[in-house]
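Please look through the sequence and the structure below before reading on.

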Amino acid sequence: MMRYADRPWLKHFTEEQLEDVENPPSVLHSFLEAAERAPARPALRYFDGTVSYGELDALSDGLARRLADRGFAPGDRLAVMLQNVPQFVIALLAAWKAGGAVVPVNPMYKEGELAHILADAGATAIVCSERAWHDYVRATAALSPVRIALTASELDLQTRDDPRVLTAGRRPADDAEDVLTAARAAAGPRPDVALPRSGDTALISYTSGTSGRPKGAINTHGNISFNAHRQVRVQDFPADAVVFALAPLFHITGLVCELAAALSAGHTVALAYRFEPGVVLDAFREHRPVYTVGPSTAFMALLARPDATAEDFASFQLISSGGAPLPPAVVEAFRIRSGGLYLANGYGLTECTAPCASVPPGREAPVDPESGTLAVGVPGPGTMIRILDDKGAEVPFGESGEIAVSGPMVVPGYWNKPEESAAALPGGELLTGDIGFMDEDGWLYVVDRKKDMISASGFKVWPREVEDVLYTHPAVREAAVVGVPDSYRGESVKAYVSLRPGASAEPAELIAYCKERLAAYKYPREVEMLVELPKTATGKILRRELKTSAG
Ligand code: AMP
């Protein structure tokens with residue numbers, strides 16, 4: 001009988017792609033080499049502004065010096081709470097040059113969430129937007145370990161104040177230093193600190209995981225460089241490639257797949273503050289990127305734009321969807337609208353430093369004929385994925401169980417959480433909390449989150465399967481399915497749906513549509529229409545929130 005250790009997925013790669021780089025240099029090392037090789041090459045584009053590799057190197061040297069002068073020592077943590085602006089990148093490189101780690105913080109977090117992260121990570125420095133500093137970060141930071149406060153304006157490093165995204169205006173603070181002013185004032189070589197080694201902490205990435213308060217996953221420099229270098233080798237983009245940062249840099253997918261990979265290859269990263277479909281399409285037209293990655297919901301939003309044309313996507317060599325389920329119907333709709341582009345699924349978690357499975361170059365992921373689920377890809381070389389039952393034993397290929405991942409991209413643990421680390425990472429293997437199965441060719445299918453299973457009259461219903469059917473209905477833009485309490489069945493299936501602009505459909509019609517296509521216990525008994533489904537800042541539809549409001 002074939003076992004997971006036989007790694008059937010390797011047959012999808014060429015021999016060259018299988019040759020893994022042993023101990024790839026850290027992304028900071030590769031960035032420094034790229035800056036030395038071609039200092040004039042654009043590292044960042046931000047609306048109409050450009051920051052070259054040489055400038056980015058000098059600015060991050062200056063900020064690293066300033067941080068060090070103000071007492072930021074190797075091993076210290078800098079919280080970076082910014083949208084996709086150049087100062088995010090300057091701060092990240094500066095913290096690494098000063099020997100520290102970065103704690104990316106979602107700028108949409110409220111006081112309580114920020115206070116928890118600053119205290120838990122023991123962050124002694126923070127950089128946030130001017131607006132956030134005045135609104136609540138000043139007060140929150142005052143009660144935290146933070147001693148160094150820096151602010152950034154989204155109006156800097158470009159001249160076009162686009163009213164659709166840049167509404168804040170300039171509001172410098174007396175008690176927080178501007179990032180760029182600090183970087184320029186302290187110009188000179190970077191602090192005399194050793195460059196990071198593979199096991200050093202690069203990021204502490206807060207993730208809610210399956211339950212409880214957010215925990216800080218420790219992404220080491222080795223974790224990041226493994227995934228970044230692999231991606232660069234497999235993608236093989238031209239030297240002057242532009243990558244568009246669709247996913248936010250404060251999330252691991254944006255940080256690794258867009259930024260770290262591009263900076264280690266000497267590519268250009270185009271930033272556009274935050275996701276706004278019209279602005280994103282303009283950026284595609286202006287910067288002509290070869291690659292981007294984002295959650296499936298971002299592509300659904302782009303597809304809903306009547307002005308999106310195939311020409312807008314003509315520069316792309318690859319577009320990946322990751323971080324959230326990708327319904328097969330969206331792949332096909334995207335292919336038609338983009339003039340033939342294949343939207344490549346990819347699967348990963350914060351705890352595996354972004355992807356651990358993706359669609360190999362030149363392939364298309366199969367759809368499981370029974371459930372209609374699109375495969376998320378195959379594990380990359382150097383990666384081990386097993387499917388386990390409740391007792392931790394491997395289940396046969398084709399059978400569902402918990403997805404377990406090991407490899408050089410899996411984090412060593414959670415910050416200051418030995419018990420949670422031991423439970424989630426027994427022997428270093430990550431128990432993902434996702435249910436999935438693998439076919440005999442090594443294609444991985446994610447069925448759902450373990451905790452989102454609905455038990456209707458004792459039958460298991462995976463919300464994803466029902467959502468995938470809803471997505472095939474021409475009027476449906478977004479769908480989320482949850483279990484709601486039902487006195488007869490225990491739980492029954494409820495769907496929340498948002499419609500495409502201009503489309504119409506009644507709940508009864510959608511219920512009948514699903515009833516025709518799904519087993520009797522699976523089709524939704526209730527459909528509720530919403531204008532927009534609640535989502536996380538990274539584009540995942542918040543089933544949990546819908547379930548709470550329903551229950
Ligand atoms: P995060 O740590 O925020 O990146 O979230 C990771 C979770 O996103 C995983 O545990 C999955 O539940 C989900 N996820 C990521 N990629 C996919 C995908 N391609 N299909 C389905 N779910 C996904």
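Helices (H or I, at least four residues) and strands (E, at least two residues) are DSSP runs that are numbered from the N terminus. In those terms, E14 gives the largest share of the shell around the ligand, namely five residues. The model is a predicted one, in which local features need pLDDT of at least 70 and side-chain atom pairs count only at pLDDT 80 or more, while totals for chains, interfaces and linings use all residues. Residues are numbered from 1 along each chain as its sequence is written, and side-chain values use heavy atoms, with hydrogens and water left out.

**The ligand and its shell**

- Around the ligand there are 15 residues, of which Asn345, Gly346, Thr350, Asp434 and Arg449 come nearest, where a residue counts as near if one of its heavy atoms lies within 4 Å of the molecule.
- Sorted by class, the shell around the ligand holds six nonpolar, six polar and three charged residues; here Ala, Val, Leu, Ile, Met, Phe, Trp, Tyr, Cys and Pro count as nonpolar, Asp, Glu, Lys and Arg as charged, and the others, Gly among them, as polar.
- Polar contacts are pairs of N or O atoms within 3.5 Å; within protein, one atom must be able to donate a hydrogen and the other to accept it, and residues adjacent in sequence count only if both atoms are side-chain atoms.
- A polar backbone atom of Gly346 is 2.8 Å from a nitrogen atom of the ligand, an N or O atom in the side chain of Thr350 is 2.6 Å from an oxygen atom of the ligand, and a polar side-chain atom of Lys540 lies 3.1 Å from an oxygen atom of the ligand.
- On its own the ligand has 500 Å² of accessible area, and the protein covers 90% of this, as computed by the Shrake-Rupley method with a 1.4 Å probe, where for residues only the protein chains shown count as cover.
- Strand E14 (343-349) and strand E20 (444-449) are the elements that give two or more residues to the shell around the ligand.

**Strands and their pairing**

- Six of the seven residues of E14 are buried, so this strand is largely enclosed by the rest of the structure; buried means under 20% relative accessible area, exposed over 50%, and partly exposed in between, with a 1.4 Å probe and protein chains only.
- E14 runs parallel to strand E13 (residues 318-322), to which four bridges join it, and Ala344 in E14 is the bridge partner of Ser320; two strands pair if DSSP finds at least two bridges between them.
- An open sheet of four strands has the order E17-E18-E19-E20 with antiparallel pairing, and its edge strands, strand E17 (384-388) and E20, each pair on one side only.
- Within this sheet, strand E19 (residues 430-438) and E20 pair in the antiparallel sense over five bridges, and Asp434 stands opposite Arg449 in E20.

**Residues in loops**

- Phe47, in the loop between strand E1 (42-46) and strand E2 (49-52), has a positive phi of about 50° although it is not a glycine, and at 4% relative accessibility Phe47 counts as buried.
- Asn416, in the loop between strand E18 (401-406) and helix H13 (418-424), has a positive phi of about 55° although it is not a glycine, and Asn416 counts as exposed at 59% relative accessibility.
- Glu532, in the loop between strand E25 (526-529) and helix H16 (543-550), is partly exposed with a relative accessible area of 43%.
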